[in-house]
Number of protein chains: 2
Amino acid sequence: MNLTGLEVRADALLATWADDGAPVTYPTLWLRDNCPSAFHPQTEERVLDLLSLAAQPVLTHAEQGRETVVLHYADGHVSHIALALLAAHRPGRPVSDPAAIPPRLWRGDLAPGGIPRFAAARLAGDDAALETWMRQTAALGLSIVDGLADRVDAGVEIACKIGFLRETNFGMTFEVVSKPDPNNLAYTAVTLPLHTDLPNQEVPPGFQFLHCLANEAQGGGSLFADGFALAEDLRARDPEAFRLLSEVAIPFRFHDRHADIRTHAPVITLDRVGAVREIRWNAHIAATFDMPADVMPAYYRAYRTFMAMTRDPAYQITFKLAAGEMIVFDNRRVLHGREAFDPSTGFRHLHGCYVDRGEFNSRLRLLARTPG
Amino acid sequence: MNLTGLEVRADALLATWADDGAPVTYPTLWLRDNCPSAFHPQTEERVLDLLSLAAQPVLTHAEQGRETVVLHYADGHVSHIALALLAAHRPGRPVSDPAAIPPRLWRGDLAPGGIPRFAAARLAGDDAALETWMRQTAALGLSIVDGLADRVDAGVEIACKIGFLRETNFGMTFEVVSKPDPNNLAYTAVTLPLHTDLPNQEVPPGFQFLHCLANEAQGGGSLFADGFALAEDLRARDPEAFRLLSEVAIPFRFHDRHADIRTHAPVITLDRVGAVREIRWNAHIAATFDMPADVMPAYYRAYRTFMAMTRDPAYQITFKLAAGEMIVFDNRRVLHGREAFDPSTGFRHLHGCYVDRGEFNSRLRLLARTPG
């Protein structure tokens with residue numbers, strides 16, 4: 001990145017970059033806090049004692065080199081600061097992040113061919129394929145991996161190419177089968193309306209991996225909807241409902257003999273700039289609402305409006321997973337559900353696990369380091 | 001809980017309780033949403049289809065029984081709703097939670113005898129002792145367990161009485177020893193100023209367990225400070241600094257060959273009612289600040305003010321862990337650090353692990369179920 005102007009003030013360096021006409025202000029304390037000498041050579045962690053500096057170090061002059069700017073301060077300190085660092089870190093501007101992949105919203109008209117599909121064998125040995133798959137999964141919020149071996153660990157092994165698993169009260173992995181003494185509706189044969197998993201956790205599990213080992217029963221098709229698309233359409237159509245769902249935290253709770261896990265959170269979580277970052281939708285484990293009674297009628301109206309949208313086929317895609325296929329989706333974005341099935345007509349068995357967003361994003365950043 | 005008044009309106013039930021003169025309003029949709037018939041008998045999850053109800057069900061009359069209120073609706077539905085449920089869930093009021101333990105703030109004058117101390121053998125077999133220990137640890141944010149066996153797993157076994165471990169990029173457990181090729185300052189022999197671990201994670205690890213296996217080197221004392229006390233004192237003394245530290249999210253980042261984990265979060269996180277809920281303090285892995293340049297000088301002033309408070313002995317307690325002792329602390333509240341040590345004078349070895357707040361709070365709720 002080329003520097004087209006450099007101005008020294010006592011309290012800041014002003015730099016103008018070729019890609020942007022306006023000068024960028026770098027306060028002197030920031031410059032000292034990010035001087036290469038502030039970091040441990042091995043761990044790259046900051047070892048500078050910030051309190052050893054004046055509240056506002058005084059910059060006296062600056063010289064531009066080929067790849068650095070040399071900064072001279074009144075206290076005698078000299079910094080050789082990389083142009084690349086200054087170009088990448090412009091106060092007030094987001095820093096580039098290989099894991100910041102813009103979501104590509106979808107609705108019920110997403111064609112089956114529009115779902116990214118990758119062969120398990122390819123992901124196992126090829127970092128470029130792994131990265132492509134992960135980037136597409138991040139953008140759309142879901143993908144399919146196929147050609148998995150008929151072993152319960154085959155899906156988990158793919159998930160672990162990304163990062164370690166997220167353990168929950170349901171274990172490190174879980175079996176979605178009809179059970180005689182279910183502690184969760186997933187473990188019955190009834191219809192499961194669209195929902196996200198474990199919104200009762202402070203941070204619900206990130207990416208979910210459901211490896212289909214058998215799907216021979218009648219029924220048992222899978223449903224998905226893009227919660228970000230639902231939220232954005234709600235924002236456009238009914239701003240007051242969107243406001244309530246993003247501002248009012250509601251209680252979620254799961255409890256059985258071995259756990260009692262509760263949190264308060266809004267249905268729609270926004271990030272610092274108001275973009276939709278997370279959806280929590282699970283009427284089964286929404287606990288007893290506790291907002292003030294005078295907010296309740298308006299809240300219920302908003303909540304039912306969103307619920308009705310989740311039932312609208314205009315947002316849903318449905319298909320039946322086949323043995324050897326694995327659906328992968330962002331559980332904090334994409335709602336999933338299933339049609340009822342008749343366990344007397346055949347076996348249905350999904351093996352599931354989660355990898356959190358933190359591990360997913362870390363892997364994306366590592367893969368982006370590798371050239372090609 | 002005794003009911004002293006009951007009034008039926010078409011859109012709500014108004015109940016007056018013996019412990020509170022003002023009538024509590026229960027909107028009819030809320031009453032239907034929480035009717036016992038709305039829940040699955042086995043999983044206790046909600047199975048009612050909320051959209052099958054009118055937007056505002058019409059209540060016609062109510063009869064009070066010994067333990068229930070019987071509600072009759074215009075659509076013919078009859079609910080038998082427990083008085084206990086109505087008493088416990090009053091719209092606008094917090095619901096009782098055994099895990100909601102008010103923090104008891106402390107400063108540098110906390111006497112060594114003021115730190116809860118429990119024998120490992122007692123915690124291993126006694127649920128009442130386990131509960132007492134956990135409640136005291138939650139209130140103060142730290143405690144000591146002593147009498148641990150000289151095995152690396154001895155501390156982990158105590159932690160697992162609470163819940164499963166939180167895995168991080170440093171593993172399921174970690175060894176705090178001086179290493180030849182450190183990826184983290186903890187793995188050197190230098191001074192570690194007070195900090196919290198892994199503020200670069202979306203949710204930093206909750207409770208930290210550091211089991212001391214050897215501490216024979218010169219130096220290597222442990223330091224602790226109550227981050228909630230620091231924050232509350234800052235709020236009282238310097239509201240503008242408190243505002244900046246609780247409103248401006250700053251970037252945190254840890255990266256090495258195997259991970260690149262980043263997040264933005266404020267130093268002080270508040271809960272929904274403005275109480276301090278979490279402290280993130282780690283100057284080593286605070287990444288390059290990216291707030292607008294015009295906010296930066298005021299932010300640095302606030303940040304340095306908090307930093308100076310963390311250095312003030314008025315907030316610090318120090319002691320040297322002995323082999324067989326384990327310090328347990330809320331890593332999202334209590335800052336920890338250590339004095340430099342001289343590895344040539346003896347071995348220093350701590351074995352560490354984390355259990356998250358979610359598992360901790362779940363265990364507290366389960367223990368509260370058991371009478372006694």
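# Buried polar residues and helix packing in a predicted model

Arg332(B) has a relative accessibility of 1% and therefore counts as buried. The structure described here is a predicted model. Within chain B, Arg332(B) sits in the loop that joins strand E19 (326-330) to strand E20 (334-338). Its side chain reaches across to chain A, where it makes a polar contact of 2.5 Å with the side chain of Glu202(A). When neighbours within four places in sequence are set aside, the contacts of Arg332(B) are Glu202(A) together with Val203(B), Pro204(B), Pro205(B), Gly206(B), Phe228(B), Arg277(B), Glu278(B), Ile279(B) and Arg357(B).

A second residue of chain B to consider is Gln208(B), which belongs to strand E11 (residues 207-215). Because buried means under 20% relative accessible area, Gln208(B), with a value of 1%, is buried. The side chain of Gln208(B) forms a polar contact with the side chain of Asp197(B) at 3.1 Å. Apart from neighbours within four places in sequence, Gln208(B) is in contact with several residues, including Phe174(B), Asp197(B), Ile327(B), Val328(B), Phe329(B) and Asn331(B). His336(B), Cys353(B) and Tyr354(B) are also among the contacts of Gln208(B).

In chain A, His284(A) lies in the loop between strand E17 (276-279) and helix H8 (296-311). The relative accessible area of His284(A) is 13%, so this residue is buried. Its side chain comes to 2.6 Å from the backbone oxygen of Arg46(B). Not counting residues up to four places away in sequence, His284(A) touches Leu185(A), Leu192(A) and Pro193(A) in chain A, and Glu45(B) and Arg46(B) in chain B. His284(A) and Asp49(A) are 235 residues apart along the chain, and 51 Å separates their C-alpha atoms.

| Side chain | Partner | Distance |
|---|---|---|
| Arg332(B) | side chain of Glu202(A) | 2.5 Å |
| Gln208(B) | side chain of Asp197(B) | 3.1 Å |

The packing of helices may be considered next. In chain A, helix H4 (residues 127-140) packs with helix H9 (residues 357-369) at an angle of about 135°, and their axes are 10 Å apart. H4(A) is therefore oblique to H9(A). The crossing of these two helices, H4(A) and H9(A), is left-handed. On the H4(A) side, the residues that meet H9(A) are Asp127(A), Leu130(A), Glu131(A), Met134(A), Arg135(A) and Ala138(A). Their counterparts in H9(A) are Phe360(A), Arg363(A), Leu364(A), Leu367(A) and Ala368(A).

In chain B, the axes of H6(B) and H8(B) cross at roughly 130° and come within 11 Å. H6(B) is therefore oblique to H8(B). H6(B) passes H8(B) in a right-handed crossing. H6(B) contributes Leu230(B), Ala231(B), Asp233(B), Leu234(B) and Arg237(B) to the contact, while H8(B) contributes Thr305(B), Phe306(B), Met309(B) and Thr310(B).

Helix H7 (residues 239-247) of chain B has Ala241(B), Phe242(B), Leu244(B), Leu245(B) and Ser246(B) as its buried residues. The elements that cover these buried residues include helix H6 (227-237), strand E16 (268-270), strand E17 (276-279) and helix H8 (296-311) of chain B.

Finally, an unreviewed UniProt entry places the feature "domain: Gamma-butyrobetaine hydroxylase-like N-terminal" at residues 15-81 of chain A. In the model, residues 15-81 of chain A are 9% helix and 40% strand, and the end C-alpha atoms of the span lie 13 Å apart.

How values were computed. Residues numbered from 1 in each chain as written. Chains lettered and ligands numbered in written order. Predicted model: local features only at pLDDT ≥ 70, side-chain atom pairs only at ≥ 80, totals over all residues. Heavy atoms only, no water. Helix = DSSP H or I, 4+ residues; strand = E, 2+ residues; numbered from the N terminus. Buried < 20%, exposed > 50% of the residue type's maximum accessible area, 1.4 Å probe, protein only. Polar contact = N/O pair within 3.5 Å; in protein donor to acceptor, adjacent residues only side chain to side chain. Contact = heavy atoms within 4.5 Å. UniProt positions renumbered as here; feature names shortened; annotations may be inferred. Axes fitted to C-alpha atoms, helices over the stretch in contact; angles between N-to-C directions. Parallel < 35°, antiparallel > 145°, perpendicular 65-115°, else oblique. Left-handed = near helix turned anticlockwise from the far one by under 90°.
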